[in-house]
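Please examine the sequence and the three-dimensional structure shown here before reading the report.

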Amino acid sequence: MAYIPTRQLKPGMILSEDVADVNGRLLLAKGQAIGANHLTVFKMWGVPEVAVDQDENVPADPAPALDPAVMRRVAEGLQPAFADNDLTHPAVAEIFRQAILHRCRKGTVQRTAAADRPVKVVSSPTSDGTARRRSLRTRDIQLPEIPTLIFRLNDTIADPFSSADDIAQVISKSPGLSALLLKIVNSAFYGFPSRIDSIARAVAIIGSKEVSALAVGITTLEVFKDIPKTVFDMQAFTHHSLACGVLARILAASGSIRNTEQMFVSGLLHDIGRLVIFRYFSKEAAQMLASPTGGSLYDQEKRALGFRHTDIAVDLFEKWKFPVALTQNVIFHHRPVSAQDPVKAAIVHLADMIAHSLGEGKSGEWRIPVLDIAAWEKLRLSPRALATMIPQALHHLGFLMTIFP
Ligand SMILES: [Fe+2]
Ligand SMILES: [Fe+2]
């Protein structure tokens with residue numbers, strides 16, 4: 001290990017110690033590879049020097065040596081879940097590698113895919129899917145009403161005479177939500193130099209739109225918290241949603257997308273339509289979850305119900321008058337290049353694929369979603385950059401999981 005002045009650091013060097021800002025907030029965790037963006041952050045926060053492994057040619061994953069036999073076993077167990085993906089593509093190969101490393105470190109060695117389960121063909125739906133979709137539209141099945149807080153926030157944001165203080169006041173009416181929001185914005189995930197001790201201050205520093213987006217994301221997930229465990233494990237679902245949100249925010253920041261909170265919330269809510277299915281079509285959901293057909297759950301939804309979770313998200317977000325940009329990011333996360341803003345939808349798509357690969361939480365999907373190569377190319381990311389971003393996301397996810405209800 002050697003202490004190197006920040007100006008002499010090179011991308012790819014591996015940190016031997018955590019790097020924190022002057023207020024003790026973590027900027028980058030020990031063991032991670034320094035990327036070009038980190039150099040800017042270190043300089044911005046006035047970090048004079050950092051401890052790095054002396055040999056700068058060490059690989060980007062300097063974790064304690066892993067048992068090759070265990071790694072091989074994990075790789076073999078994981079391979080069927082990647083069956084639909086092209087493992088020769090450099091980005092998929094890097095995600096696969098990160099998934100193996102992460103699962104080895106976590107000790108999740110068990111087989112993860114259902115591809116080796118017996119293939120069972122689901123018979124065609126007993127009722128017409130189109131009619132069922134229409135029944136949602138005609139409110140035979142009532143989608144949940146908009147939570148009061150989101151309704152008031154929508155109203156306040158739409159009012160041209162409302163101020164940032166008005167928005168802060170609406171959020172502050174919910175002490176539980178306010179406390180959670182403050183924990184999030186004071187975490188290293190945000191890395192603000194001074195403590196934010198009120199929603200009014202959070203709104204002033206981060207921006208009213210961003211804080212509102214966070215509040216809406218958290219409140220929306222809460223609406224479905226009573227889904228029985230016999231249908232789906234909501235804790236695992238929240239875990240998957242948070243993983244996708246954290247990854248989306250980090251991927252967005254690396255692509256210089258400014259509204260990173262919207263990307264966090266897009267990730268957080270990307271599978272919200274599935275919660276509607278779990279709640280209103282619990283019988284069909286149980287059948288789909290219990291009998292994987294060898295295809296993706298995304299396709300099974302279409303066969304069994306006549307619509308997919310992304311279709312229901314359209315109805316819910318329309319009803320709740322969510323911003324078009326957020327709606328687009330969510331409803332196109334399985335086919336991002338069709339979105340109005342394909343880059344943002346591609347970020348959610350990639351974040352979802354990575355979250356599944358890492359085994360962080362569950363959405364009901366058995367297989368790793370197929371990485372859309374056209375979407376990947378829109379992001380202009382190097383596969384190597386994933387080796388930095390994925391451990392960074394896992395670090396923040398670990399913290400967020402401790403504070404999320
Ligand atoms: Fe999805
Ligand atoms: Fe997902």
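The report below moves from the overall fold to the metal sites and then to selected helices and residues.

## Basis of the model

This is a predicted model, in which local features need pLDDT of at least 70, side-chain atom pairs count only at pLDDT 80 or more, and totals for chains, interfaces and linings use all residues. Residues are numbered from 1 along each chain as its sequence is written, chains are lettered from A and ligands numbered from 1 in the order in which they are written, and side-chain values use heavy atoms, with hydrogens and water left out.

## Overall fold

The protein contains 19 helices and four strands. Helices (H or I, at least four residues) and strands (E, at least two) are DSSP runs, numbered from the N terminus. Of the 405 residues in the protein, 55% are buried. A residue is called buried under 20% relative accessible area, exposed over 50%, and partly exposed in between, with a 1.4 Å probe and protein chains only.

A contact means heavy atoms within 4.5 Å. Among contacts between residues at least 6 apart in sequence, 71% join residues at least 24 apart.

## The iron ion (ligand 1)

Which protein residues are the donors of the iron ion (ligand 1)? They are Asp271 (OD), His309 (NE2), His333 (NE2) and His334 (NE2), at 2.1 to 2.3 Å from the ion. Donors are N, O and S atoms within 2.8 Å of the metal (3.2 Å for Na, K and Ca); water is not among the atoms, so sites may look incomplete. The four donor atoms subtend angles of 83 to 174° around the iron ion (ligand 1), and the arrangement is therefore irregular. Four donors count as tetrahedral if all angles lie between 85 and 135 degrees; four count as square planar and six as octahedral if opposite donors are over 155 degrees apart and all others between 65 and 115; anything else is irregular.

Along the sequence, the donor residues of the iron ion (ligand 1) follow the spacing D-x37-H-x23-H-H. Distant parts of the chain are linked by the pair His309, in helix H15 (residues 309-319), and His333, in the loop between helix H16 (324-331) and helix H17 (342-358), 24 residues apart. His309 is buried, at a relative accessible area of 1%, and His333 is buried as well, at 0%.

## The iron ion (ligand 2)

Asp271 is buried, with a relative accessible area of 1%, and Asp352 is buried, with 2%. The two iron ions are 4.0 Å apart, and Asp271 coordinates both.

## Packing of H17 and H19

H17 packs against helix H19 (residues 383-403) at an angle of about 70°, with the axes 12 Å apart. Axes are lines fitted to C-alpha atoms, for helices over the stretch in contact, and angles run from 0 to 180 degrees between N-to-C directions. H17 and H19 are therefore roughly perpendicular. Angles under 35 degrees count as roughly parallel, over 145 as roughly antiparallel, 65 to 115 as roughly perpendicular and the rest as oblique.

From H17, Leu350, Ile354 and Leu358 meet Leu386, Ile390 and Leu394 of H19.

## Selected residues

Leu214 is found in helix H9 (residues 208-223) and is buried, at 1% relative accessibility. The C-alpha atoms of Leu214 and Gln262 are separated by 7.8 Å, although these residues are 48 residues apart along the chain. Arg249, in helix H10 (residues 234-254), is buried with a relative accessible area of 12%. Leaving out residues up to four places away in sequence, Arg249 touches Phe189, Tyr190, Thr260, Glu261, Met263 and Phe264.

Lys321 is located in the loop between H15 and H16. Its phi is near 55°, a positive value in a residue other than glycine, and Lys321 is exposed at 66% relative accessibility. Arg380, in the loop between helix H18 (373-379) and H19, has a positive phi of about 50° although it is not a glycine. Arg380 counts as exposed, at 78% relative accessibility.
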